[in-house]
Amino acid sequence: DIELRVKWPNDIYYSDLMKLGGVLVNSTLIETTFHILIGFGFNVNNSNPTICINDLIAKFNKEEGTELKPLSADCLIARTVTVLERLIDIFQEKGPNGVLPQYYKYWVHSGKQVRLHHEEGPVAWIVGIDDYGYLQVHEEGKGVESVHPDGNSFDMLRNLIVPK
């Protein structure tokens, strides 16, 4: 019930306001075997410098009159691994289309408008991610194009995608 979101390419946010964590994935193909290394970090119990998940649980309890228990790091890890195993099974069975609806459900970018290249640059709308995981934007008159994270920076506060 707490508004957690995913910010492309790898951040976990509260609403679109504050970063709570992130995910890094490294993949390697060796002969016919695909190896994936997944790492994640999540601010569970440290209120500084921004906010943590347990602050959000306390805020939610106060606002909604609920009694959700604070999370411990080991509980969060166990829940994450359990959900990740299910997502991997779905991905192996159905491919990307099996997990993308879940990803977009928590995506912070739906319907967002951005400027490309600089603050006075052309306006584009974020429309999704492509088959390689790159952000897709639609610039009127130019169609949909992919924006690669290695060559661009996404400044959410200014709704700006700029080359690094």
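Student: Which strands form the open sheet, and in what order?
Tutor: In this predicted model, 4 strands make an open sheet, ordered E1-E2-E3-E4, with antiparallel pairing. Strands (E, at least two residues) and helices (H or I, at least four) are DSSP runs, numbered from the N terminus. Two strands pair if DSSP finds at least two bridges between them.

Student: Which are the edge strands?
Tutor: Strand E1 (4-7) and strand E4 (33-42). Each of them pairs on one side only. From one strand to the next, the twist averages 25°. For that, axes are lines fitted to C-alpha atoms (for helices over the stretch in contact), and angles run from 0 to 180 degrees between N-to-C directions.

Student: How many bridges join E1 to E2?
Tutor: 4 bridges, and the two strands run antiparallel. Val6 has Ile12 in E2 as its bridge partner.

Student: What comes between E2 and E3?
Tutor: A loop that holds Asp16, between strand E2 (11-14) and strand E3 (18-30).

Student: How exposed is Asp16?
Tutor: Asp16 counts as partly exposed because its relative accessibility is 30%. Buried means under 20% relative accessible area, exposed over 50%, and partly exposed in between (1.4 Å probe, protein chains only).

Student: New topic. Which residues make the nonpolar surface patch?
Tutor: Val25, Leu29, Phe34, Ile36, Ile38 and Ile88 make a patch of about 580 Å². Patch residues have over 30% relative accessible area and no salt bridge; nonpolar side chains (Val, Leu, Ile, Met, Phe, Trp, Tyr) are joined within 5 Å, like charges within 9 Å. A salt bridge is a side-chain nitrogen of Lys or Arg within 4 Å of a carboxyl oxygen of Asp or Glu. Areas come from the Shrake-Rupley method with a 1.4 Å probe; for residues, only the protein chains shown count as cover.

Student: Which strand gives the most to it?
Tutor: E4, with 3 residues. E3 and E4 each supply at least two. Leu29 lies in strand E3. Leu29 counts as exposed because its relative accessible area is 58%.

Student: Now E7. Which side chains point to which face?
Tutor: Along E7 (residues 135-139) they alternate. Leu135, Val137 and Glu139 point to one face and are buried.

Student: What does E7 pair with?
Tutor: Strand E6 (residues 123-129) pairs with E7 in the antiparallel sense, over 5 bridges. E7 also pairs with strand E8 (residues 143-147), again antiparallel over 5 bridges. Gly128 has Gln136 as its bridge partner in E7. Val137 stands opposite Glu145 in E8.

Student: How many residues sit between the strands of each hairpin?
Tutor: The E6 and E7 hairpin has 5 residues between its strands, and Gly133 in the turn has a positive phi of about 90°. The E7 and E8 hairpin has 3, and Gly141 in its turn has a positive phi of about 85°.

Student: Last one. How many aromatic pairs are there?
Tutor: A search of the whole structure finds 3. One of them is Tyr103 and Trp107, tilted, at 6.2 Å centre to centre and 40° between the planes. Tyr104 and Trp107 are edge-to-face, at 5.1 Å and 70°. Rings of Phe, Tyr and Trp (its six-membered ring) pair if their centres lie within 6.5 Å; planes under 30 degrees apart count as stacked, over 60 as edge-to-face, the rest as tilted.

Student: Is Trp107 buried or exposed?
Tutor: Buried, because its relative accessibility is 5%.

How values were computed. Residues are numbered from 1 along each chain as its sequence is written. This is a predicted model: local features need pLDDT of at least 70, side-chain atom pairs count only at pLDDT 80 or more; totals for chains, interfaces and linings use all residues. Side-chain values use heavy atoms; hydrogens and water are left out.
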